[in-house]
Amino acid sequence: DPGDTFTLTASSNIAKSGTSALPIIVEGYSASRGDNGVSVSKRPTIAAAAYLFYFNDYWSFHNLRVTITSSNGFSVDAGGILENCYAYNSSATANYSGIYVRNAENIVANCEAISTNGYALRIQYYSFVTGCYLHDSSKGIYGGSNRNTIFLNTIYNCTTGIDVSSRVGWSVMNNVIST
């Protein structure tokens, strides 16, 4: 049902992969299919607690919320898409993420993420991030590798806005950062 909470009772480490032509799609909605989860509070919520919430290649998530108390929030591998999703990580342990795109060629669009002691968003290489609101975290965006495109995001109330360390090939354009 729309707006319901689904509580994990074990880790979700799904080894099944989609393909670039046929991704595995998980889409939430508020009242009827296609309404794009009108408001964050009405989107289906996955309460992961301390359980791992990880998916393999070519998974596409739309209009969902995830809350987690340990580990990383949304965690996808290569070719993943996160659109209009919300992630809240309340872990007391440093360096966990609200959203973690673990491999190459991911898209994160119009998402909101918080990690009270870690990274709102952690990305690897060749990923594309746009229109996101990343806030109240140690780091808004942490880049673990090279060649990412980051634009039109709002990063607010984070100790560090964007941390690319000594990585190369990043395109960072038209973001608003207020730490």
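Serine 91 is buried, with a relative accessible area of 3%, where buried means under 20% relative accessible area, exposed over 50% and partly exposed in between, computed with a 1.4 Å probe on protein chains only. The structure is a predicted model, in which local features need pLDDT of at least 70 and side-chain atom pairs count only at pLDDT 80 or more, while totals for chains, interfaces and linings use all residues. Residues are numbered from 1 along each chain as its sequence is written, and side-chain values use heavy atoms, with hydrogens and water left out.

**Serine 91**

- Serine 91 lies in the loop between β10 (86–89) and β11; helices (H or I, at least four residues) and strands (E, at least two) are DSSP runs numbered from the N terminus.
- The side chain of serine 91 reaches the backbone nitrogen of threonine 93 at 3.0 Å.
- Apart from neighbours within four places in sequence, serine 91 is in contact (heavy atoms within 4.5 Å) with Ile68, Thr69, Ser70, Tyr96, Thr116 and Asn117.

- Isoleucine 99, once neighbours within four places in sequence are left aside, is in contact with Phe74, Leu82, Ala87, Val108, Cys111, Ala113, Ala120, Leu121 and Arg122.

**Valine 101**

- Valine 101 lies in strand β11 and is buried, with a relative accessible area of 0%.
- Leaving aside neighbours within four places in sequence, the contacts of valine 101 are Val76, Leu82, Asn106, Val108, Arg122, Ile123, Gln124 and Ser127.
- The C-alpha atoms of valine 101 and asparagine 72 are separated by 10.0 Å, with the two residues 29 apart along the chain.

**Aromatic pairs**

- The structure holds 7 aromatic pairs, for which rings of Phe, Tyr and Trp (its six-membered ring) must have their centres within 6.5 Å, with planes under 30 degrees apart counted as stacked, over 60 as edge-to-face and the rest as tilted.
- The rings of tyrosine 119 and tyrosine 142 are stacked, because their centres are 4.6 Å apart and their planes are at 15°; this pair links distant parts of the chain, with tyrosine 119 in strand β14 and tyrosine 142 in strand β17 (residues 139–143), 23 residues apart.
- Tyrosine 119 counts as buried at 7% relative accessibility, and tyrosine 142 counts as buried at 14%.
- Phenylalanine 128 and phenylalanine 151 form an edge-to-face pair, because their ring centres are 5.4 Å apart and their planes are at 70°; phenylalanine 128 is in strand β15 (residues 128–130) and phenylalanine 151 in strand β18 (residues 149–151), so that the pair links distant parts of the chain, 23 residues apart.
- Phenylalanine 128 is partly exposed, with a relative accessible area of 31%, and phenylalanine 151 is partly exposed at 22%.
- Phe55, Trp59, Phe61 and Phe74 form one aromatic cluster.

**Cysteines**

- The structure holds 0 disulfides, a disulfide being a pair of cysteine sulfur atoms within 2.5 Å.
- Cysteine 85, buried with a relative accessible area of 1%, is in no disulfide, and the nearest cysteine sulfur, that of cysteine 111, is 4.8 Å away.
- Cysteine 158 is buried, with a relative accessible area of 2%, and its sulfur is 12 Å from the closest cysteine sulfur, in cysteine 132, which is too far for a bond.

Methods:
Polar contact = N/O pair within 3.5 Å; in protein donor to acceptor, adjacent residues only side chain to side chain.
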